Amino acid sequence: MSLSNTNNHADTNNFASYLNSVPATLSERTKQHNADAPNDGGNDDNGPTIHMTMGNEAGDADSIISALALGYVVQSQILSSDQNVDADNSIQEIVVPIVSVPRTDLSLRRDVMLLLDLADITVENLLYVDDDIVSRNLLPSSYDKKSSQSDRSLPRTLTLVDHNRIRSSLSHLSTLVSEIVDHHVDEKSHQDVVTTDSGKRIIAFENGQATVASTCTLVTERIFQHTALGDQSATISINGSLGLLLLGVILLDSVNMLAEAGKGTARDEKAMQMLLHHTGWASYHETVRMPSLVDATTLERIFPNGRSSMPDRTALFEVLSGAKNDPQFWSELSVMDCLRIDYKKFLVSGQSHLVSSIGLSSVLLDMDSLLSKENFLDDLTAFAALSDVGLFGIMAVNFRDGKPNRELLLTGSNTEIVDSFTNYLLNHPDAAFLEITERKDCMDDGAYNAAPIRVFQQGNGKGSRKQVAPILLGHAATMSRL
């Protein structure tokens with residue numbers, strides 16, 4: 001059996017068609033591998049390599065969409081290059097984008113669901129990190145013996161998208177990492193394989209800050225670099241669904257270039273202009289079905305001149321942001337859902353530290369509303385224990401007059417550790433830019449007195465998890481003892 005460059009990838013100009021084809025292509029490749037592999041579990045597989053693209057474990061819009069988009073871009077480039085096709089017309093590499101959250105969790109990400117619906121992407125046809133074919137054949141757990149045999153046999157590589165250190169639960173697969181496309185502080189992982197000189201370590205973070213607001217900006221730059229597009233007057237048109245997805249995420253991550261948010265950069269704005277002017281909006285109108293998650297009035301706001309013309313970026317941003325930040329949605333979520341919807345675990349560099357890992361959940365709700373939820377303390381304790389980290393934090397953010405209002409909660413099993421981080425945030429020069437003050441009014445309830453919980457107001461609204469996590473990790477790295 002051979003996988004030709006026309007089999008299951010017939011319409012590489014159609015982004016949705018490509019994504020729909022991936023599960024069948026992977027299934028075919030897995031069957032080929034199982035049929036050809038020797039019974040002793042050796043690695044005699046000469047079939048095409050599986051190249052995965054996957055975002056971080058928090059799985060926000062940027063992580064999910066940039067992984068899907070980059071997978072499509074890389075596969076298209078492979079198919080357009082004769083060097084990647086064998087004499088028998090078989091491709092040497094199959095690119096498989098993976099949604100980095102469990103299948104049942106995608107529905108919690110309302111901005112992602114809405115954006116995929118607008119782009120006519122069938123979410124049921126995507127591959128998810130917990131799908132059986134993925135967890136058994138591509139990303140097996142470290143304790144699954146049967147999966148480990150498959151792990152040794154099926155040739156594959158992995159691009160980390162929107163993060164630069166493989167998640168701790170997959171650390172046993174770190175040798176698979178062959179590329180990094182990210183905009184967070186460099187955690188210095190995988191440097192033995194993915195070097196800066198290789199051109200495969202793209203981390204848009206310099207001088208303590210990200211140089212792009214979104215990984216989707218980096219994917220957009222790659223698209224236009226590959227096509228040698230140097231200016232907006234050049235004649236090229238990219239797939240409508242792809243262009244809309246990339247544009248929507250960059251708008252979200254840059255907060256539509258709102259100066260007060262401090263997110264967007266010149267690179268983000270240039271990427272959005274390229275997408276607006278070089279996306280095939282006419283083909284989008286002709287090939288994309290009417291969305292099911294927005295009404296006709298909302299759709300007309302996004303496309304005031306019809307779906308065959310470029311969208312109104314402000315309207316698109318407001319619709320997506322409204323879905324993501326909807327107060328009613330967040331108020332109705334359980335505490336556990338609030339904490340797991342956007343959670344990331346960070347490992348502390350080095351060894352012999354009191355705190356070896358830190359978990360941070362981002363919640364789009366003000367702290368008072370979160371604290372008042374039913375069973376908050378019990379659920380917080382349970383989630384922190386399940387996360388298995390030395391320090392757990394909640395970064396709460398809501399918007400007032402379009403400006404972010406940020407609050408922070410820290411907790412852990414050791415009161416002295418929580419107190420140490422508290423003192424660091426309040427008094428250390430490295431944390432001064434966050435403008436942290438303690439909110440002792442939150443702790444008036446006697447129920448919290450027995451728990452090591454500290455709550456803070458963060459004066460610097462621009463300090464997102466990108467800025468807070470390195471500060472906490474830096475202090476953790478100095479804590480060999482109390």
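Mentor: A pocket is an open set of grid points with protein on both sides within 12 Å along at least five of seven lines. The model is a predicted one, and its largest pocket holds about 970 Å³ of space.

Trainee: What makes up the lining of the largest pocket?

Mentor: A lining residue has an atom within 4 Å of a point. The largest pocket has 44 such residues, and Asp253, Lys324, Asp342, Ser362 and Leu364 lie nearest its centre. By class, the lining comprises 19 nonpolar, 11 polar and 14 charged residues. Helix H11, residues 313–325, gives the most to this lining, with 5 residues.

Trainee: Why are helices H1 and H2 called roughly perpendicular?

Mentor: Helix H1 (residues 15–36) and helix H2 (residues 61–79) pack at about 95 degrees, with their axes 10 Å apart. Angles of 65 to 115 degrees count as roughly perpendicular, and H1 and H2 are therefore described in that way.

Trainee: Which residues of H1 and H2 meet?

Mentor: From H1, Phe15, Tyr18 and Leu19 meet Leu68, Ala69, Gly71, Tyr72 and Gln75 of H2. The residues of this contact divide into 6 nonpolar and 2 polar, with no charged residue.

Trainee: How do you know whether Ile78 is buried or exposed?

Mentor: Ile78 belongs to helix H2. Its relative accessible area is 5%, and buried means under 20%; Ile78 is therefore buried.

Trainee: How far apart are Ile78 and Glu93 in sequence and in space?

Mentor: Ile78 and Glu93 are separated by 15 residues in sequence and by 7.5 Å in space, C-alpha to C-alpha.

Methods: Residues are numbered from 1 along each chain as its sequence is written. This is a predicted model: local features need pLDDT of at least 70, side-chain atom pairs count only at pLDDT 80 or more; totals for chains, interfaces and linings use all residues. Side-chain values use heavy atoms; hydrogens and water are left out. Axes are lines fitted to C-alpha atoms, for helices over the stretch in contact, and angles run from 0 to 180 degrees between N-to-C directions. Helices (H or I, at least four residues) and strands (E, at least two) are DSSP runs, numbered from the N terminus. Angles under 35 degrees count as roughly parallel, over 145 as roughly antiparallel, 65 to 115 as roughly perpendicular and the rest as oblique. Contact means heavy atoms within 4.5 Å. Ala, Val, Leu, Ile, Met, Phe, Trp, Tyr, Cys and Pro count as nonpolar, Asp, Glu, Lys and Arg as charged, and the others, Gly among them, as polar. On a 1 Å grid over the protein atoms alone, a cavity is a set of points where a 1.4 Å probe fits but cannot get out, and a pocket is an open set with protein on both sides within 12 Å along at least five of seven lines; lining residues have an atom within 4 Å of a point. Grid points are joined across faces, edges and corners, and a volume is the space filled by probe spheres set on the points. Buried means under 20% relative accessible area, exposed over 50%, partly exposed in between (1.4 Å probe, protein chains only).
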